Amino acid sequence: MAKIGIMSFAHMHANGYAACLNELPEAELVAVWDDNAKRGREAAKQYGTSFVGDMDRFLESGLDGVIVTSENVKHRAMVEAAAAAGKWVLCEKPLATTVADAKAIIAACKKAEVGLSTAFPCRFSPPLIEVRDLIESGEYGVLYAANCTNNGQCPGGWFAQEELSGGGATMDHTVHVADLLRWMTGREFTWVYCENGMLVHDNLGMDDLGSLHMEMEGGLKVSHTASWSRCKSFPAWGDVTLEIVAEKGVIAVDAFNQKLDVYNDNAMKAEWAHWGSNPDLGLVKEFVASCDERRAPSVTGLDGLRAVEVTVAAYKSAKSGRVVKV
Amino acid sequence: MNVAIIGCNGMGRMHAQMAVNCGFNVVACADLELSTARSVASGFDADATDDCFGVLTRPDVDVVGIMTPTPTHTEYVVAAAKAGKHIFCEKPFGRTVQQCKEAIAAAKKARVKLFVGHVVRYFQEFEAMRAQVAQGKVGKVGFVRLYRGGIFPAGQSGWFRDLEQSGGVTLDSMIHDFDWLRYVFGDADRVFCQALQRTVPNHVDYSMATFRMKNGIIAKVIGTWAHPSGFRVEAEICGDQGIIQFNSDDTPLKAMKRTAPGAGASMIVPSSPVHTSPYQLEWEDFKVWLDGKLRARVTPEDALEAVRMATAALKSAETGKPVKL
C-alpha cells in the first residue's frame, strides 16, 4: 500500500488524481497540504483524508510519494522540498514555466535519489496508445506530418495571472501534444514557430490561443493549435486531436471522442458525457507502482523538461516573429 | 448568350451544364484532346474542336469558360480578352501573381468582364457561417480554422502531380479557403506554412498554414491531398462569445448500395443535396454582372489576392520563414 499526499489543490486536476487515489486499492491518500489552508481543508474533507497545515509536518508524515498540483510557478519549490524529504514526486504539467526551473526540479530529484514523473495522462489514453502502437507497427511507413489540437475552456483564476501560470494557453496546452508526439515517434523537436495572442477573450491579459508550427528530427512537420478557445456554452472542456500523415496512410485521433450527447433543460446547453477510459487512472496507478517499487516512473522529469523547452521556444518565437531552435 | 468551354476534362462538363441552367447556350467545346472535347460537346449539341485558341475568335461566341490546367489560364484569358469575349476562369486565377496581373490588364484593356470561380463564396454552408458571424453570434472573431481535402486528384495527364504546374494542395485547393478568409475577415498580414509536396514513393501533399490577418485574427488553414480516399471540409470560427463548427462528413443523406445478394454495402455515398448548386450560383452571379446589373461577388482583384496568399504560403514552406504579404 503506497501512501500518497497531495501538495496544493490550486490546479483542478488535483481533484481527478485524488479521486483516482481513492479508487485504487493499492494506494491511500494519506494527507493534503495546501498553502491555501481553506482550499486544502475543503479538499481533504471532500476526499476523506486529513489536512496538514504545516508543510514540513506533512512531508514527515510517512508518505511514500506526493502529487504536486500547485500553480505552475510554485512547482519548483514544492518538488524540491518533497525530494529533500525523500518523497517520490508526480508533478502536474507543465513541469515548470522556465527551462532553468525544470532542470532544477530534475536535479533536486536526482540528488535525493527519488523518482520524478510529469503528469502526462494522455500517455494512458487507450485511443492514443492505439495510435502509438499503429506507428510502432510500421504499417504506416515513414511519418511525414502531424496536425494537432489541444483546445480547452479558459480555466481563469491563477491560470490568467502570468506571475503564477507563467503564460496562457500556449503554456497550458502545448505540452500534452509535444509529449505525445515525442512518445509516439521517439523524436525530439528541432524548431518552433508560433503566432499567439489574446484572441477570443476580452480582457484576459494574456494569450488564449497559440498556433504553432514545428519540426521534429528527420523532418517530421508538425502544426499545433493550443487554445482556451472553448466558450462557456461549448458541450465539453475541450479536446486532444492528432492527424498523422504517413507514407502509407493517415491516422486521425480525437482522443476524447467517446461521448454521449446529453441535452438537459437545467443546463440549457448540450453536454458531452465522456464514457471512455479515464487516462488519469493509468497515470496515477503507474506513479503509485513506482512509489511502491522504489523505481523510476515511466513518464519522467526529462519528458517534462523537453515539453517545457518547446513551450519556451514557442513564446520566444511569438515575441520575435522568427523560427526558434529548441 | 453563347458560351465556348475550353478544357473539357475536369470541370468542363459541369460548368457547361451550369451555364445552360442559367440560360446560356453552349456552342463550342474545345480541348487539346478532340475526343475529350467531343464527349462534352455531344451532351450540349455543341461543336467540338481541338483548336483551343481558334474557338476564342468565333464570332458567335460571347463568353469563354476556361477550365484548363492552372498555368495555361493566363494565355487563354489574354487571348479571349483580345477577341473581345467575356471570361469565366476556373480558380486558381494564375500560377503566379504576375500572371494574374497580366490577365487583369488584358481584360481591362479589352473592356471585357472577367470572373474567377471562387465557388466557396457561393457554398450555402459558407454563406451561412458568414451570416452567423455578421449577426454577431460568436461575438468578436479571434480564430478561424479551415480544413479541406482528401485524395490526391488525378487530373488530365497528371498535371496536378507536377507541383510546379499545379502548386499542389496549397495553391489548387487551399486557395478556396484563402479567398474566403479575405472575403469575410479582410486582408492577411503574414503567413507561415509547412507543405509536404512529396512525389516519391507516392504523390501526397499536406499543407499547414497559419495566417495572421491585418485585424489580428489568427487563421489556420489545413489542406490535404494525402488521404487514401474521401473528401472532407471542416470549419471552425471562435469568438469571444461563441464558436461555429462545420463538418462536411455530417450529411443529411447516406446512400448504401448492395452489390450482390448477401453482400454488405460496397460503397457509402454521402451527399448533401441543395436546391441550387453553388456552381450554378456563381454562373448566375456572373450573368447578373454580364447583364449590366450588380458587380459579381468575386472580382479579378480578389482572385489575384488569393493567388498572392497561396504563393506567399508556398514561399514560406520553401524558405522555412514567415512571409509578409
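1. Lys and Arg count as positive here and Asp and Glu as negative, while His and the chain ends are not counted. Each charge is placed at NZ of Lys, CZ of Arg, CG of Asp or CD of Glu. On that basis chain A carries 31 positive and 43 negative side chains. The centres of the two sets lie 4 Å apart.

2. This is a predicted model: local features need pLDDT of at least 70, side-chain atom pairs count only at pLDDT 80 or more, and totals for chains, interfaces and linings use all residues. Residues are numbered from 1 along each chain as its sequence is written, chains are lettered from A and ligands numbered from 1 in the order in which they are written, and side-chain values use heavy atoms, without hydrogens and water.

3. Chain A holds 11 helices and 15 strands (DSSP runs: H or I of at least four residues for helices, E of at least two for strands, numbered from the N terminus). The C-alpha trace spans about 55 × 50 × 40 Å along its principal axes.

4. Of the 326 residues in chain A, 58% are buried (under 20% relative accessible area, with a 1.4 Å probe and protein chains only).

5. Now the partner chain. In chain A, 33 residues are in contact with 37 residues of chain B (heavy atoms within 4.5 Å). The two chains bury about 2,800 Å² between them (the accessible area, 1.4 Å probe, that two parts lose on being put together, summed over both). Carbon and sulfur atoms give 60% of that area. A:Tyr144, A:Glu195 and A:Leu199 supply 20% of what chain A buries against chain B, more than any other three residues.

Technical notes. Buried means under 20% relative accessible area, exposed over 50%, partly exposed in between (1.4 Å probe, protein chains only).
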